[in-house]
Amino acid sequence: MYRSKISGVGHYVPTNVVTNKDLSKMIDTSDEWIQERTGIKERRWVVPGSDDTTASMGVKAAKIAIERAGIDKNDIDFIVFATLSPDMYFPGPGVQVQKDLELKTVGALDVRNQCSGFVYGISVADQFIRTGMYKNILVIGSELHSKGLDKTTRGRGVTVIFGDGAGAVILSREEDESKGIISTHLHSEGEHAEELVLKAPGMGTRWVSDILKDNDPNDESYYPYMNGQFVFKHAVQRFSEVIMEGLEANGLSKNNIDLLIPHQANLRIAQFIQRKFGLNDDQVYNNIMYYGNTTAASIPIALSEAWENGAINNGDLVVLAAFGSGFTWGSVIIKW
């Protein structure tokens, strides 16, 4: 058995900055209202008509991660792409990345676990490397929310939260068992699936033909829905549980954490977890203030930024944790 380690990180966000003040010109909201509830000051949205798509942003992030890993792109054995906003209903963006990077005919797997998608993707890639099946795996989290949001006052509870962007890592084989990914921990609770959901188009509810036939301007089924208070309540509980699960499984405690990178869902959730674990500001990396919630992309973007800013050092114990739609949640324990 081998260990897998993160050998390269990279991220890409659109250049177009959308501030809370900008949103207040579209919908009935304010900078104060948004910051008080979410901690978000601004987010990045792609410019309509630009070449930024879920797949292309993933490619841009991937190129940076490949360079930083010090490998040739043809050393990549497999691709894992996590997103809830693919360019096409099918096929998924993993194969687009294979084409756009001009890789050999490696396998490509798409992960549909929303906010916990990157954590799930890392877990899958880690298992492939541990068993010796692959040596270098490209794992991407990328999202383009802005084209699918209800930009009216009706949708403000969701629209103000989400942003666009992509992050990527190269997971590589590591024979030194004192470093790399120590363990991953995954969970789901499907009874709450409809508390954070986008129902249409879907075969189980309303498909494209139904939407076109009804032509109902008040149909909200193809916009995201979130029961905010319910999600918040469950998020803080599951975040705490899955972080402790990862630590205890490895004989560690919260005092061993050098850096926690939580999914950037809501700054208030991250602050709650920080207080509960007794961590200082240097031990928790947050950037939701500037990017909003980029779901599957949020952890790899934050991980890449943290590395760039010198917040991660060799030997650090880094914990990744996510919670989101499904409900699904998970954690990754890493010795950097």
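Student: How far apart are N and O in the salt bridge between the side chains of Lys60 and Asp51?
Tutor: A salt bridge here is a side-chain nitrogen of Lys or Arg within 4 Å of a carboxyl oxygen of Asp or Glu. The side chains of Lys60 and Asp51 meet in one, with an N to O distance of 3.5 Å.

Student: What kind of model is this?
Tutor: Residues are numbered from 1 along each chain as its sequence is written, and side-chain values use heavy atoms, with hydrogens and water left out. Local features need pLDDT of at least 70, side-chain atom pairs count only at pLDDT 80 or more, and totals for chains, interfaces and linings use all residues, this being a predicted model.

Student: Is Asp52, which meets Lys60 in a salt bridge, buried or exposed?
Tutor: The Lys60 and Asp52 side chains come to 2.8 Å, N to O. Buried means under 20% relative accessible area, exposed over 50%, and partly exposed in between (1.4 Å probe, protein chains only). Lys60 is partly exposed at 26% and Asp51 is exposed at 54%, but Asp52 has a relative accessible area of 6%, so Asp52 is buried.

Student: How many residues apart are Glu308 and Arg68?
Tutor: Glu308 and Arg68 form a salt bridge, closest N and O atoms 2.8 Å apart. Helices (H or I, at least four residues) and strands (E, at least two) are DSSP runs numbered from the N terminus. Glu308 sits in helix α11 (residues 298-308) and Arg68 in helix α3 (residues 54-69), so the pair links distant parts of the chain, 240 residues apart.

Student: What is the bridge partner of Val139 in β7?
Tutor: Strand β6 (residues 136-143) pairs with β7 (residues 165-174) in the antiparallel sense, over eight bridges. In β7, the partner of Val139 is Val169.

Terms used. Pairing = 2+ DSSP bridges.
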